[in-house]
Amino acid sequence: MTTLAAPPAPTGTASALRRLYFVRFGFAIAWALVMFTMAKEITPVAAVLLVVYPLFDVGAAVVDANASRETRSPVLLYVNMAVSLIAAVGVGIAATSGISEVLRVWGAWAIVSGLVQLIVAVPRRKMGGQWAMILSGGISVLAGGSFVASAGADNPTLASAIGYAIPGGIFFLISALRLGRTAKEA
């Protein structure tokens, strides 16, 4: 009897982050495609989806923190979890008041979580695939400011906030692909 052994699965932080980044890419793109159909008004479904996005970020930060324990303290990831949870509640409340309020909360969340992402990614540079996360964090800060500014427009829409998910997802995909080599070496 012959037994074929499967090649060992890549282990370590890089491998876990790679899987997480692929999931985050898929979620961001799917979420954005669904939300684009609801950019001009906040329906009950749109309100739920707007709350789900930061809640997904909480879950992703939990996975990231668990994967990162062996390489460094996940304190900033805990901060990101708290910020994203507060954002989910804030977006839920803001959704009852209108698009302008949602854009303000979404923008504040993008600024703070972008800063956290940037600060977390810089020390991870040696792992590989983090330049995209550094860019994404910086762009998130700038985009957040634009969401807050666009909240004062005459007829604000959610299109810019929704569109923010697509480049974010692409940055996660790039990082996942770049982490491939690191994950195989682990």
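Predicted model: local features only at pLDDT ≥ 70, side-chain atom pairs only at ≥ 80, totals over all residues.
Helices here are DSSP runs of H or I, at least four residues in length, numbered from the N terminus.

The largest pocket comes to about 420 Å³ of space. Its lining is made of 29 residues, and those closest to the pocket centre are Arg24, Asp57, Gln117, Ser136 and Phe172. Six helices, namely helix 1, helix 2, helix 3, helix 4, helix 5 (131-150) and helix 6, each supply at least two residues of this lining. Helix 4 gives the most, with seven residues. Sorted by class, the pocket lining holds 17 nonpolar residues, eight polar ones and four charged ones.

Rolling a probe the size of a water molecule over the atoms shows where empty space is left. With a cut-off of 30 Å³ or more, the count is one cavity. The largest cavity has a volume of about 60 Å³. The elements that give two or more residues to the lining of this cavity are helix 1 (12-35), helix 2 (44-68) and helix 6 (159-185). Helix 6 provides the largest share of that lining, with four residues.

Which residues line the largest cavity? They are Arg24, Phe27, Ala28, Tyr53, Phe56, Asp57, Ala165, Gly168, Gly169 and Phe172. By class, the cavity lining divides into six nonpolar, two polar and two charged residues. Gly counts as polar in this scheme, so Gly168 and Gly169, both in the cavity lining, fall in the polar class. Arg24, Asp57 and Phe172 belong to the cavity lining and are also among the residues closest to the centre of the largest pocket.

Helix 3 (75-94) and helix 4 (99-121) each supply at least two of the patch residues. Helix 3 gives the most to the patch, with four residues. Helix 4, which gives the most to the pocket lining, thus also takes part in the surface patch.

Is Tyr78 buried, partly exposed or exposed? Tyr78 has a relative accessible area of 37%, so this residue is partly exposed. A patch residue needs over 30% relative accessible area, and the 37% of Tyr78 is therefore enough on that count.

Note on methods:
Residues numbered from 1 in each chain as written. Heavy atoms only, no water. 1 Å grid on protein atoms, 1.4 Å probe; cavity = no way out; pocket = protein on both sides within 12 Å on 5 of 7 lines; lining within 4 Å. Points joined across faces, edges and corners; volume = space filled by probe spheres on them. Buried < 20%, exposed > 50% of the residue type's maximum accessible area, 1.4 Å probe, protein only.
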